[in-house]
Amino acid sequence: EVLVETRNDTVIRGRLEMCDEDMNLIVEDATCEHLPTRAKRKASKVSLRSRSVRYIHLPATYNPVRSLIQKVDAEKADKEKASRRRKLMSRKEMKLREQMANT
């Protein structure tokens, strides 16, 4: 879970889904609390522009290197699956063409 403080005194707690190179954020399963009024509300997804973020508090147990490695490994696995699908489709197409040529 991540805690984001915004420049308009709102605190957002939730799961960090995405952060880009400009520090634009997407927080999922978020609870938003406006500090001056103590008004709270929940949102399934909150998008924050970098200029509205004051602080991002990460858990003490968060390991950014491990997170990056997991993301790279997942992307590699997805590419390998797609490659296997393409090869399998190519083999099936070749068999179909052979069958059509033989008939």
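Which backbone nitrogen lies 2.8 Å from a polar atom of the side chain of Asn-24? The backbone nitrogen of Ser-50 does, a polar contact in the sense of a pair of N or O atoms within 3.5 Å, where one must be able to donate a hydrogen and the other to accept it, and where residues adjacent in sequence count only if both atoms are side-chain atoms. This is a predicted model, in which local features need pLDDT of at least 70 and side-chain atom pairs count only at pLDDT 80 or more, while totals for chains, interfaces and linings use all residues. Residues are numbered from 1 along each chain as its sequence is written, and side-chain values use heavy atoms, with hydrogens and water left out.

**Overall form**

- Along the principal axes, the C-alpha atoms fill a box of roughly 80 × 30 × 20 Å.

**Surface, contacts and charge**

- Buried residues make up 17% of the 103 in the protein; buried means under 20% relative accessible area, exposed over 50%, and partly exposed in between (1.4 Å probe, protein chains only).
- Of the contacts (heavy atoms within 4.5 Å) between residues at least 6 apart in sequence, 36% join residues at least 24 apart.
- The protein has 24 positive and 16 negative charges, and their mean positions are 3 Å apart. Lys and Arg count as positive and Asp and Glu as negative, with His and the chain ends not counted; each charge is placed at NZ of Lys, CZ of Arg, CG of Asp or CD of Glu.

**Residues in loops**

- Asn-24 sits in the loop between strand S2 (10-19) and strand S3 (25-34) and is buried, at a relative accessible area of 18%.
- Not counting residues up to four places away in sequence, Asn-24 touches Met-18, Cys-19, Leu-48, Arg-49 and Ser-50.
- Asp-9, in the loop between strand S1 (2-6) and S2, has a positive phi of about 60 degrees although it is not a glycine. Asp-9 is partly exposed, with a relative accessible area of 33%.
- Arg-38, in the loop between S3 and strand S4 (39-48), is also not a glycine and has a positive phi of about 65 degrees. Arg-38 counts as exposed, at 55% relative accessibility.

**Residues in strand S1**

- Val-4 lies in strand S1 and is buried at 0% relative accessibility.
- Beyond residues up to four places away in sequence, Val-4 touches Thr-10, Val-11, Ile-12, Leu-25, Val-27, Leu-48, Val-53 and Tyr-55.
- A distance of 15 Å separates the C-alpha atoms of Val-4 and Asp-20, which are 16 residues apart along the chain.
- Thr-6, in strand S1, is buried at 4% relative accessibility.
- With residues up to four places away in sequence left out, Thr-6 touches Ile-12, Leu-48, Ser-52, Val-53 and Arg-54.

Conventions: Helices (H or I, at least four residues) and strands (E, at least two) are DSSP runs, numbered from the N terminus.
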